[in-house]
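Have the sequence and the 3D view open as you read.

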Amino acid sequence: MPRIGWKRQLFSAACAALALGCQGGAQPAKQAQNVALAQESSATSGAVATMPAAARTPAPPQDTTKAARQQAVDVSRRTAIVNAAARVAPAVVSVNIVRRETVQPQSMWEEFFIPRGYQREVKGLGSGFIYDSTGLILTNAHVVRGAQEIVVTLADGRDFSANVVGTDEVTDIAVIRIPEPTGHPFPVAPLGNSTNLLIGEWVVAIGNPFGYLLSNPEPTVTVGVVSGAGRNIVPSGNDSGYYLDMIQTDASINPGNSGGPLVDADGHVIGVNSSILSRSGGSEGLGFAIPIDRARRVADDLVQHGEVRRAWVGVEVAPADSDRFGRSTAIRISRVADNSPARRAGLKDGEIIEAVGSHQVRTVLDWEAALLDARVGQPLAVRTARNTVRVVPRDLPSLAAERVKAVSDFELVTLTPAIRAERGLVSQSGALIVKLSEAARNVGLRQGDLILQINRRRVRTAEEAADLLKRLADQGPIQIIYERNRHLGAVSFYIR
């Protein structure tokens, strides 16, 4: 065989083998290439029809994933604060009142234009909350003071006429009642306790600061923390109540919130919103609430007896020492009344009082706060620097004293040493106001004021004061000099 022919045969055989490989052996590679292209197409255009059934992976439904995410968001939004507000808010009410105030002439010029005894109608607004399913509502005494008409609006918009069960000016607590429903029960706010509050724990203040100006009856919710506990607020000359052992909070308490509940993160009422300290008149983060333990005790007395039984031990106290700023760190007994529970228990003048029960006593207001929560007949453990004694309080001497009716506006009792010690008065004699009408309150007098002079005539007994007021009626303006909070004051008014 010629050499060139051999090469040509070899080349022909190679071409034949190559052709055979192109027809058979290259097919799997082409299939793999088609699969890869199909996968790429599926990822970019969603066309999975070209993929083999074994290679397809179903995508998770988009709507299920979105629903789960929304559910997680909803759960995270429903915090303890939201739950607490939802639990108590339905029981919070608006307290709308109408009172009539006697307008007093302020000058001789006004006497020509203002008729004697002229009264004007004044509307007021506050808050409260239902604490008993029979329709009992807790609010502040200053909210319903002098009310001639009370209308309560529930969070669901229902209106009810209400009547006053009882008020206590000392603690600024009032109980009012609305008719018990026949078919639709009232929502009730669950009451907690105020003995173990934690400084910094979350609280919610609920009330109606604007009433109908917001055009709906649902209450307003503000959030803050317990800023302090056991706060004592020195009363101003026009205040008749004690603001002692109060809960301080930075949750906004605005005008109209008075009487609404202060609620903890568990949805229990721990206080009754009562007052603020403010230079502007609005909330500045210094709000105060009456502890619910005290409010509940006062409410029980008002419902059962119509008044509060106050405890008396017969001790007058004063600061034991003070620094250059007038701050004291201890108090001493300045006087123990004769035939008083304190005298019988063995307390003596000059002793340093360190504690009452488990509460430290460093200031005069600490002592007053301890007495405010004392109960008649229940022993108090009073610890002094010398020892600890058990004092059993009794009813206030002024409650047992004979009352004298003065015209139609006053009930008076003659000041005695026991009553003087009870009230912490400076004056030695006078006529103590134990009850007064709204007309007398409107001119500036308060329960607990001690009448010292009437038209410059010295008053020593309740009978003298009643006789003077009767003889001076309809004879022109009457001026009364009185003692309140160890300070003197004066008012002028007419008696019809």
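**A pocket, a helix and some salt bridges**

Q: Which residues lie nearest the centre of the second largest pocket, and how many line it?

A: This is a predicted model, so keep that in mind. The second largest pocket has 26 lining residues, and S194, D245, R294, H359 and D373 are the ones nearest its centre. Elements giving two or more residues to that lining include β9 (220–233), β10 (243–249) and α7 (292–305), along with β18 (359–360), α9 (364–372) and β19 (380–384).

Q: How much space lies in the second largest pocket, and what classes of residue make up its lining?

A: The space comes to about 790 Å³. Sorted by class, the lining holds 11 nonpolar, 9 polar and 6 charged residues.

Q: Which residues of α7 are buried?

A: The cut-off to keep in your head is that buried means under 20% relative accessible area. In α7, that applies to I292, R294, A295, R297, V298, A299, D301 and L302. R294, for instance, has 4% relative accessibility, so it counts as buried.

Q: What does R294 form a salt bridge with?

A: Look for a side-chain nitrogen of Lys or Arg within 4 Å of a carboxyl oxygen of Asp or Glu. R294 pairs with D245, with 3.8 Å between the closest N and O atoms. This pair ties together distant parts of the chain, since R294 is in helix α7 and D245 is in strand β10, 49 residues apart. D245 is partly exposed, because its relative accessibility is 27%. There's a network here too: salt bridges link D245, R294, R297 and D373.

Q: Where do R296 and D293 lie?

A: Both are in helix α7, 3 residues apart, which is about one turn of the helix. R296 is partly exposed at 29% relative accessible area, and D293 is partly exposed at 26%.

Q: How many salt bridges does the structure hold, and is D338 buried or exposed?

A: The structure holds 17. One of them joins the side chains of D338 and R343, at 3.5 Å from N to O. D338 counts as exposed because its relative accessibility is 60%, while R343, at 36%, counts as partly exposed.

Definitions and conventions:
Residues numbered from 1 in each chain as written. Predicted model: local features only at pLDDT ≥ 70, side-chain atom pairs only at ≥ 80, totals over all residues. Heavy atoms only, no water. 1 Å grid on protein atoms, 1.4 Å probe; cavity = no way out; pocket = protein on both sides within 12 Å on 5 of 7 lines; lining within 4 Å. Points joined across faces, edges and corners; volume = space filled by probe spheres on them. Helix = DSSP H or I, 4+ residues; strand = E, 2+ residues; numbered from the N terminus. Nonpolar A, V, L, I, M, F, W, Y, C, P; charged D, E, K, R; others polar. Buried < 20%, exposed > 50% of the residue type's maximum accessible area, 1.4 Å probe, protein only.
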